[in-house]
Amino acid sequence: MSAVPRRKPPRVGDTPAVRRTLIAAVLVVGALLILAPLLVILFQAFSAGVGVFTATITNPDTRHAIWLTVVTALIAVPINTAFGIAAAWAITKFDFRGRRFLIVVIEIPFSISPIVAGVAYLFVYGLQGLFGPALDAAGVKVLFALPGIVLASMFVTAPFVARELIPLMQAQGRDLEEAATSLGASGWRTFFSVTLPNIRWALLYGVVLCNARVMGEFGAVSVVSGNIRGQTNTLPLHIELLYHDYQTAGAFAAASILTVLAIVTIVAKVLLERQGAGRAGRPALAAPAPAAPQGRTL
Amino acid sequence: MKIRLDNVVKTFETFRAVRGVSLDIESGELVALLGPSGSGKTTILRMVAGLEYADGGHIFFGEQDATDIPVRDRGVGFVFQHYALFPHMTVAENVAFGMKVSKVKRTKDEVAARVAELLRLVKLDGLGNRFPNQISGGQRQRVALARALAVDPKVLLLDEPFGALDANVRRDLRRWLREIHEELGITTLFVTHDQEEALDLADRVVILDQGEIVQAGTPEDVCRNPNSAFVMNFLGDANRLGATVANGKAELGGVELEAQSFGDGPASVYLRPRDLDWSASGPGIAATVTRVIDRPDGRRILARTAAGEQIELDVAPETMARAGDQGFVRVHRARVFAGSASQ
C-alpha cells in the first residue's frame, strides 16, 4: 500500500460542484424559509420595548389563552397517548380482520385539512347537527367551549403516538411478550415491565410531537371554539386576534411564547433521538437464521 | 411430566399447518421435532406451550387436559429461536423475571440464590450484571435456557435453539444441552430443521412433513429403517435412481437388488454416497466419472451412469479416479421405494 494521497473519483452524484451547489441551496432556502421568520418573531416581540411585551403576556386575555392551551394539552395529550399505545398494541400484537384498515384510519388526520375536521365536528355537535339538540337539551356544551376544542385537537393529533410506536413494535415482534407470558407474567405486568421499557423513547418522542401540535393547532380549533376572547381563545387563536386588532407587537409577543414551546420541543426531540427514538435509531431486526442444512437429492 | 398429543389440528386462515398429529412423549424424554420449513413443527411446539390454541384435538400434560390452559398457567419453559431476552434487564434480572412474577412468593435472597445457582448451571457465573447485548449469541441462548428453567417448568420447549448460532458454538451447546437434560431429567421437546442436530441430541426423533408425522423413532431407527423416500432424503445426502421391479428384484443398470415386498413396476432406489464404491472392473453400475472432489476424509466422485443419471459416491482417499474414467459403481447398501424417480 502506498501512502501517497490520491484523488479519489467521485461517488455517485458526488462531484464537488454538485455537492457544493446542493448544500448551499438547502442552506439558503432553509435560512430564508424557516430560520428568518422565527428570528423575526423574537425580534418583533420586543420591538416596542419590554414593557409592551410584558403587558401582552400579563394581559388577562392572553393569560387565559395560555391557560386554555395548557389545559387542552393536558387533556388531549394523555388521551391520545393512551389511544396511540392501544392502537399500536392492537395492530402489532394481534391478528384481526381490518388491521390494515385501522392503520389507514389512524393516518386520516395527517392527510385531511384540520379545518375540514373542525367543520365536521360542527355538523356532529352543532345545533343543526346530529347530537347538537340532544346535548343542548341535556345542558352539555361541546361547541364553543373546552370540550369542542379538546375534541378538535385530539382529532388532529390522533396519529402522532401510534405512528411512532407501530414501526418500532412491528420490528420488535411478539417474542418478548410471549416470553414474559410463558414465564407467568400477567398482561399488565408484561406491558409495564417488558413492552413499555422497550418503547419508552419512541413513546416520549410521539408524546412530544403530539403536544407541540396540540398547542399549535389553529384550523380545527378556530372552527369549533367560536373565538370568544377571554373564553374560548387558545394561544394560536389569540395571536390571530391580536394581529387583526393591529396589536402587532402583542401578536408577536404571544407568538414568541409558542415559538419557545416549539424550541423546547425540538430540543426534547433531539435528546430523545439520541436515545434511539424516532426514525434514526430504529433497531435492526434480529439476524435471519442461516440457511437450512439438510439432505438433498443428488 | 408425560405429554400426549391426541389428533391435534391447526389451521391458519386457509393453510393447514398441522393435520391430525398424535404423539406420546414419555416423562424425562428428549424429543426432536424435525422437518423442513412449513412442516408444522414450530406450530406443534407452540401449541404444546399454549402460545397457539389447537383448532382440534387434545394436549395432555400427564393426566390433565391442558388443551385450553393459557400459556401463563401451563408451566412450560419456552426458549425462543432469537432468545427473546429482555434487552433492558441484566442477565440476572432476566433469569429472575419468572420468579418475580410468580404467584409463589419468594424473598429477595431466595431469588438471588436461585439465580446464582441457575447461572452456575449454564456456566455463566459472574455475568449476571451484563446486559444481553454485551454477551455472545451462545451465552444469550444459555441465559434464555436459565430463564426458562427458573420457573421449574414441567416441560422444556425449545424452538430452533441453535438456529442463529455458528457451527462450532452450535455443536458445543448441543452436547451441553444433552448434559443439562441428563442432570435435570426434565421432559424436553425441541424443534429443528437440522437432521444432524436432531440425531445428535434426541432420544427420539419425530420427522414431520406438511403437517403430518412421517416417522418417529430413535435416531438408530430412523437412520437404519427410513420408512419413506422423504425420510431417506431428509436425513442425509442420497442418490436417487430409477429402477424397474420384476419378480421381487429391482434391476438397476446391471445390478439386481432385493425388492421382495414390491409389486412389479417402476421404483426408486436411494443410495447414500458412503454406501457406494468405485471400481475399474465390474460387477456394478457402469458409469463415467465427471468430476472428483477431494475432502479431508475422502474423495467424492461425481459420475454419470450409462442411463444418463447423476450419481455421487464417497470413497476412500486412496481410490484412483479422474474425470473421464470409465468404471463401475459397487453398491453395498440401497433402499428401494415404490414409485418412479421423477416424482
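Trainee: How is chain B divided into domains?
Mentor: Chain B splits into domain 1 (3-232) and domain 2 (237-338), with bounds that come from an automatic or database domain assignment. Keep in mind that this is a predicted model: local features need pLDDT of at least 70 and side-chain atom pairs count only at pLDDT 80 or more, while totals for chains, interfaces and linings use all residues. Residues are numbered from 1 along each chain as its sequence is written, and chains are lettered from A and ligands numbered from 1 in the order in which they are written.

Trainee: And what separates the centres of domain 1 and domain 2 of chain B?
Mentor: Taken over C-alpha atoms, the separation of the two centres is 40 Å.

Trainee: How many residues are in contact there?
Mentor: 4 residues of domain 1 of chain B are in contact with 5 residues of domain 2 of chain B, where contact means that the C-beta atoms, placed from the backbone, lie within 7 Å. The domain 1 side has 3 nonpolar residues, 1 polar and no charged. Here Ala, Val, Leu, Ile, Met, Phe, Trp, Tyr, Cys and Pro count as nonpolar, Asp, Glu, Lys and Arg as charged, and the others, Gly among them, as polar.

Trainee: How do α3(A) and α10(A) cross?
Mentor: The axes of α3 (residues 60-93) of chain A and α10(A) come within 9 Å and cross at roughly 140 degrees. That makes α3(A) oblique to α10(A); angles under 35 degrees count as roughly parallel, over 145 as roughly antiparallel, 65 to 115 as roughly perpendicular and the rest as oblique.

Trainee: Which residues make that contact?
Mentor: Among them are A:T69, A:A73 and A:G84 of α3(A), and A:G206, A:C210 and A:M215 of α10(A). By class, the contact has 7 nonpolar, 7 polar and no charged residues.

Trainee: Back to chain B: why does B:K10 count as buried?
Mentor: Because B:K10 has 22 C-beta neighbours inside 10 Å, and the cut-off for buried is 20 or more (exposed is 12 or fewer, partly exposed in between). B:K10 sits in strand β1 (residues 3-12) of chain B, and its contacts include B:V18, B:E52 and B:D55.

Technical notes. Contact = placed C-beta atoms within 7 Å. Axes fitted to C-alpha atoms, helices over the stretch in contact; angles between N-to-C directions. Helix = DSSP H or I, 4+ residues; strand = E, 2+ residues; numbered from the N terminus. Lists of a residue's contacts leave out its neighbours within four places in sequence.
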